[in-house]
Amino acid sequence: MSDSACPQRIAYLSQLTKGGDLEQLRIQALKDIGEALNSQLYIAHADREYRHNRAGVYIPIETRIVEYKYHVYNMIYPGTRGHYNKPTGKIILQEGKWCIQTIIHESLHSVSILSNEEYVQEGDRIQSFKESLTEFLTGLVLFRKYNDSCFHSWKIGNYDQWCNVSYKSGVQTLCALGKWISSREFVELYLWKPSDRWTDHWHRFSNAIKQVFPTFEDNYETWKQYDFMTEFGNELVNKLGREFRRMRNLFNYSFVLP
Ligand SMILES: [Zn+2]
């Protein structure tokens with residue numbers, strides 16, 4: 001790992017100075033997501049204005065993405081690169097500490113069923129799974145749209161830390177599962193469509209696993225009381241054994257089914 005900047009990043013950020021703006025990058029990210037996941041996207045949450053009085057921050061309804069300098073950002077969301085504020089539908093970035101994958105990750109949150117008002121609490125209860133799934137799909141978008149550039153630095157982590165895969169252990173588990181379960185199932189689980197219900201999404205996903213691995217035991221309610229991603233991952237490792245562990249270590253998106 002080094003501190004050098006990735007060449008793609010310089011080109012990407014230069015769009016900002018060439019008359020582009022953050023909103024254009026957000027729209028591009030949504031376009032990339034829709035194409036890569038071959039899905040129609042629905043923003044899962046109403047837009048509202050955002051206020052953080054202590055940090056002196058106000059974001060009007062029509063602004064959906066902003067960047068703040070270190071000291072302001074860290075008053076709001078310390079220790080992160082970017083944040084999706086579900087109650088207001090805003091993407092908030094730390095100046096200079098984000099890149100394509102950050103905008104894709106946060107934009108994915110904006111179209112996820114777990115960002116919908118009705119399921120925000122449920123999403124928080126399975127936080128580790130929600131974030132791992134978001135980052136796994138970020139990787140899938142990079143793999144399908146930025147294969148000759150960002151995907152590799154994201155996966156290997158050979159540039160600045162904000163290029164790297166986050167929630168890596170969970171992402172590796174989901175990537176391994178993708179060798180047996182179609183990536184369509186992950187997409188259907190994650191994306192919001194009006195009038196969908198989270199429990200239906202989860203049951204469909206869980207049944208897709210059982211189709212391939214009949215001994216898989218879905219302990220959703222129990223896992224929720226612990227770290228969901230760890231518990232879910234342990235069940236997969238226990239039931240699927242060595243080949244699954246091998247795939248986990250390989251961490252290879254080429255094996256993920258269409
Ligand atoms: Zn996230």
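# Chatting through the helices, sheet and domains

Mentor: Let's start with a helix pair: Ser128, Ser132, Leu133, Glu135, Phe136 and Gly139 of α6 are in contact with Gly170, Val171, Leu174 and Cys175 of α8. Keep in mind that this is a predicted model.

Trainee: OK, what classes of residue make up the contact of α6 with α8?

Mentor: It has five nonpolar, four polar and one charged residues.

Trainee: And at what angle do α6 and α8 pack?

Mentor: About 65 degrees, and their axes are 8 Å apart. Helix α6 covers residues 127–145, while helix α8 covers residues 168–177.

Trainee: Is the crossing of α6 and α8 left-handed or right-handed?

Mentor: Right-handed.

Trainee: Which handedness does the crossing of α9 and α10 have?

Mentor: That crossing is left-handed.

Trainee: Which residues meet there?

Mentor: From α9 you have Glu185, Glu188 and Leu189, and from α10 there are His201, Trp202, Arg204, Phe205 and Ala208. Sorted by class, the contact of α9 with α10 has four nonpolar, one polar and three charged residues.

Trainee: Switching topic: in what order do the strands of the sheet come?

Mentor: The order is β3-β5-β4, in an open sheet of three strands with mixed pairing. At the edges are β3 (65–68) and β4 (82–85), each pairing on one side only. From one strand to the next, the twist averages 20 degrees.

Trainee: How many bridges join β4 and β5?

Mentor: Four, and the two strands pair in the antiparallel sense, with β5 at residues 90–94. If you want to trace the bridges, His83 has Ile92 in β5 as its partner, and Tyr84 has Ile91.

Trainee: What about the hairpin of β4 and β5, how many residues sit between the strands?

Mentor: Four residues, and in this hairpin Gly89 takes a positive phi near 70 degrees.

Trainee: Which helix lies across β4 and β5?

Mentor: That's α4, residues 100–110, which runs at about 15 degrees to β4.

Trainee: Now the whole chain. Which domains does the assignment give?

Mentor: Domain 1 is 7–145 and domain 2 is 168–255. Their centres, taken over C-alpha atoms, are separated by 24 Å.

Trainee: How many residues does each domain put into the contact?

Mentor: Domain 1 gives 23 residues and domain 2 gives 22 residues.

Trainee: On the domain 1 side, which elements give two or more residues?

Mentor: Those are α5 (120–125) and α6. Helix α6 supplies the largest share of that side, 10 residues.

Notes: Residues numbered from 1 in each chain as written. Predicted model: local features only at pLDDT ≥ 70, side-chain atom pairs only at ≥ 80, totals over all residues. Pairing = 2+ DSSP bridges. Axes fitted to C-alpha atoms, helices over the stretch in contact; angles between N-to-C directions. Contact = placed C-beta atoms within 7 Å. Left-handed = near helix turned anticlockwise from the far one by under 90°. Nonpolar A, V, L, I, M, F, W, Y, C, P; charged D, E, K, R; others polar. Domains from an automatic or database assignment.
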